Amino acid sequence: MSNIGWRFPKLDDGQEQGFNDGGIGIFKGSDLHDHLAREICQNSLDAKQQDNNNPVVVEFQLRTLDKTKFSAIKQLEDIIAKCQVEANQEDDDKLTSFLKEAKKKLDTGTIDTLVVRDFNTTGLLGAKKENQSVWKALVKSSGVTRKSKGSAGSHGIGKSAPFACSAFRTVFYNTLAKDEVRAFQGVARLITHSADGERTQGTGYFYNKQDKQPLFDDEQEALYDIFKRQDNEYGTDVIVLGYKKTDDWEEVIERAIINNFFMALHEGMLVVKIGDLELNKNTLKDRIAHYAKNLDLKIDKDIKMRQTQEFYTTIIEISQENIKSLNGMQLYIKKDNSFSKKIIEMRATGMRVRIRGLNLLTPFAAVFIARDEKTNDLLKKMEPPCHDNWDPDEIEGDEKTRKSAKELKSTIINWVNAIIKEECRGEQTQELDPYGMSEFLPFDDDETGMNEPTPSKEKDNLSEQSCVSQVTRRSLRITSESVDGKKTEGKKDTNEAEVSNTAGGGQGNSKPGEGDEDEESKGDIVIPDAGTKKLNVPDLRFNRVFPMVAHMGIYKTLLEIKDDDKQVYLAFKARHDDGNSEFLKIVKYVYCGATKNANSYSIGPLDLKGRVRHEIIVHMELNEKMTIELVVR
């Protein structure tokens, strides 16, 4: 009897594993094939042979396997049946649906299988090592990565993408690595079930059950035999058994490759073959043009392709001397009336990380890429599992590195925005400068994540051009406060309170409450005219504060009061994570088309009409993204 087959280790009083797999769940949904293409090509680029100047080649091929010819598939059918027995005792609609679909595919006798092969890579090194290696990190580990500096992945979660594309949650790995080891092994991520009277773990392996090792070198097994590589044909195969094929699978994968790796393709780092089609630096332009015909910009896939066309046009039409550079970073910029004012950001691998927008009047497209190793390594640490953002808070347990990451991200955004401002702002006319904001509103730092639509703009009675994307990473707590600084809950009737006033028309430099021992009284705002007076607190019907250009301290305030009031004063508090707060010094503000200097901790008096939405642009002295409370007196 052969020792080669499926084995699900005994549970041995360990934790039972259900159907909901967090890693697989990340990559499910409408972008399933997009995630698969990104993860596969990213891994292949990471594993490029450093002593080989040829591009990495990745092939996507669909094969149909006859179930009766492969014991690996026939045995899997028995395991699926055991999982069905387990499911009958559970109340899990997702599990029931999954097993029903798996059985349906197995009953057909022919199994669609996506085979993804790469070449000119190192392959999966270390299959025979006892300790951790690239092979073990991919095949027999969870949440573990063994990648080199500058590589794209760092969470060890991307390997779940192929499982999400399998109707059986089953993937086989095959490699001929640069350490001259051939290895083959299957992994099935199912559920805890019973086998031979024993409870099992949810993840099982197709390998040599006797020594619990992959199939090596010249071992004979039907499925392994058809994928064995020729000598010196280094690389890896990812074999997705029971591929969730769609009629347009080739187009979907091609679009994903173009959208995510156009830079890698353009620079000759990557060649991708999908069925009979080849994507490379010579065919890329025609393939983009093919998909860019008759675009419907109400459809997400066409929006993405339109943006890719803009970015690709930018990199091929900008001369070398016009590429902007700073510390190993490069920026390509092109102005065109048809462009959508977007910036794509990527690292040296040539894979897009995210797209963000800048709210300028001059249409443009910009491509940012970080080239140097140190910058790439730090940016990689900021990326979430899907590699679609740069967020310093992804770095845990290392405050020094997190601080460096925040500084790097700020440097990138400031540099990119400043260059684009310089390139585009010179064409703006005074007539097109709404409310005179150009004095301190050169651009809108819209940090919208990649694949997200541009946020909706405020309509109401505001002008179209003055509306800014409402983007913030933290919810904004905005409250009305009584004059003594104590918060009130919800709306309140008109109140009277004693207010200590300071001369200077609200333009003084003294911070309210400074030197006051009573923490609750530190909310007093500077009010014009000396002495003490009664002040009515307006009844707020609506209020909101959100960032326009957070790293410059520029915020938009929208508010509506119940009744007319000619003596309204506004102040702003920054709320910190530790629960403490501080009033923010206001440099200047824009209201009713006029820019006014403030240099104070409050602005006013403002003459506000009741039941009308008012817009005020405020420039804070503190330049960072904050949770802000609006204080109205």
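In this predicted model, E59 forms a salt bridge (a side-chain nitrogen of Lys or Arg within 4 Å of a carboxyl oxygen of Asp or Glu) with K273, the closest N and O atoms being 3.9 Å apart. Because E59 belongs to strand β2 (residues 56-66) and K273 to strand β11 (residues 270-274), the pair ties together parts that are 214 residues apart in sequence; strands here are DSSP runs of E of at least two residues, helices runs of H or I of at least four, numbered from the N terminus. Local features need pLDDT of at least 70 and side-chain atom pairs 80 or more, whereas totals for chains, interfaces and linings use all residues. Residues are numbered from 1 along each chain as its sequence is written, and side-chain values use heavy atoms, without hydrogens and water.

The structure holds 32 salt bridges, including those tabulated here.

| Pair | Closest N to O |
|---|---|
| E59 and K273 | 3.9 Å |
| K381 and D377 | 3.8 Å |

E16, in the loop between β1 (4-7) and α1 (22-26), and R199, in strand β7 (residues 198-199), tie together parts that are 183 residues apart in sequence. K381 and D377, by contrast, both lie in helix α11 (residues 373-381), 4 residues apart, about one turn of the helix.

With buried meaning under 20% relative accessible area, exposed over 50% and partly exposed in between (1.4 Å probe, protein chains only), E59 is buried at 18%, whereas K273 is partly exposed at 27%. D377 is buried at 15%, and K381 is partly exposed at 38%.

A network of salt bridges links E251, R255, K301 and D302.
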